[in-house]
Amino acid sequence: MRVSKKRFIYLISPNKIKKSFYNNLNVVLSSNLISFFQLRLKQYSLIERKEIGIKIKKICKKYKVKLIINDDPNLAKKIGADGCHLGQNDMVIQEARKILRKKIIGITCHNSKKLIKQAVKDGANYIAIGAFFKSKTKKINYIAKPGLISWVKRFTKIPVVVIGGINNKNFRKLLLHKPDFLAISGGIWDKKPAKAIKEFL
């Protein structure tokens with residue numbers, strides 16, 4: 001899990017993969033700002049996600065970016081990804097660990113100290129907290145305050161990923177609280193990606 005301090009972005013895929021996506025991904029990852037790329041596709045079949053995941057894996061490897069698969073430890077294992085991310089309604093971490101062994105498993109903890117404590121106890125490799133801002137990417141059911149980041153950093157040493165509506169106009173407010181990574185999706189993909197990534201330099 002060691003990464004360059006400069007690589008503070010945990011990049012999440014757009015909801016739809018267009019033809020231009022792979023070229024844009026090359027450009028964005030070449031910025032040296034990205035530590036993780038999460039493939040999160042809710043409307044695609046398993047076969048489609050596997051094909052897309054294999055293509056993305058090659059690009060991630062080129063730029064030394066960790067590939068994380070959302071929701072599906074089995075798919076992560078099949079394509080040789082670096083790990084998976086689990087929500088509270090997905091497979092429990094103990095079962096995912098049997099599949100992925102020592103690979104990375106991240107857990108969504110929303111704004112709950114109880115869920116954070118449980119994820120740490122269960123051996124999560126990182127936790128994701130938020131949302132901190134409104135998002136167009138997914139429906140927001142939980143709102144977190146920046147003070148939660150500071151609390152988590154005191155409570156545990158495992159990496160903290162902050163999520164929810166993060167863009168070039170608000171990301172510096174969160175960096176003041178020293179999270180390990182900022183999860184960004186729409187802040188890159190809803191614009192021209194090559195231009196958008198430069199706004200985080």
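This is a predicted model: local features need pLDDT of at least 70, side-chain atom pairs count only at pLDDT 80 or more; totals for chains, interfaces and linings use all residues.

Visitor: What do the eight strands form?
Guide: They form a closed barrel, running β1-β2-β3-β4-β5-β6-β7-β8. The pairing is parallel.

Visitor: And what does the twist average from one strand to the next?
Guide: The twist averages 25 degrees.

Visitor: Let me zoom in. How many bridges do β4 and β5 share?
Guide: Four bridges, in the parallel sense. Strand β4 covers residues 83–86, and strand β5 covers residues 104–110.

Visitor: Which residue in β5 stands opposite Gly83?
Guide: That's Ile104.

Visitor: Helices now. Which strands does α1 lie across?
Guide: Helix α1, residues 21–29, lies across β1 (9–12) and β2 (34–39). Helix α1 runs at about 155 degrees to β2.

Visitor: And α2, which strands does that helix touch?
Guide: Helix α2 spans residues 46–62 and packs on the sheet. Helix α2 touches β2 and β3 (66–70). Its direction makes about 170 degrees with that of β2.

Visitor: New topic. How many salt bridges are there in the whole structure?
Guide: A search finds five. One of them joins the side chains of Lys42 and Asp71, at 2.4 Å from N to O.

Visitor: Why does that pair tie together parts that are apart in sequence?
Guide: Lys42 lies in the loop between β2 and α2, and Asp71 in the loop between β3 and α3 (73–79), so the bridge ties together parts 29 residues apart.

Visitor: Got it. Where do Asp180 and Lys153 sit?
Guide: Asp180 is in the loop between α7 (171–175) and β8 (181–184). Lys153 is in helix α6, residues 147–155. Asp180 is partly exposed at 27% relative accessibility, and Lys153 is partly exposed at 32%.

Visitor: One more. What does Lys191 form a salt bridge with?
Guide: With Glu199. The closest N and O atoms are 3.1 Å apart. Lys191 counts as partly exposed at 36% relative accessibility. Glu199 is partly exposed, at 27%.

Conventions:
Residues are numbered from 1 along each chain as its sequence is written. Side-chain values use heavy atoms; hydrogens and water are left out. Two strands pair if DSSP finds at least two bridges between them. Helices (H or I, at least four residues) and strands (E, at least two) are DSSP runs, numbered from the N terminus. Axes are lines fitted to C-alpha atoms, for helices over the stretch in contact, and angles run from 0 to 180 degrees between N-to-C directions. Contact means heavy atoms within 4.5 Å. A salt bridge is a side-chain nitrogen of Lys or Arg within 4 Å of a carboxyl oxygen of Asp or Glu. Buried means under 20% relative accessible area, exposed over 50%, partly exposed in between (1.4 Å probe, protein chains only).
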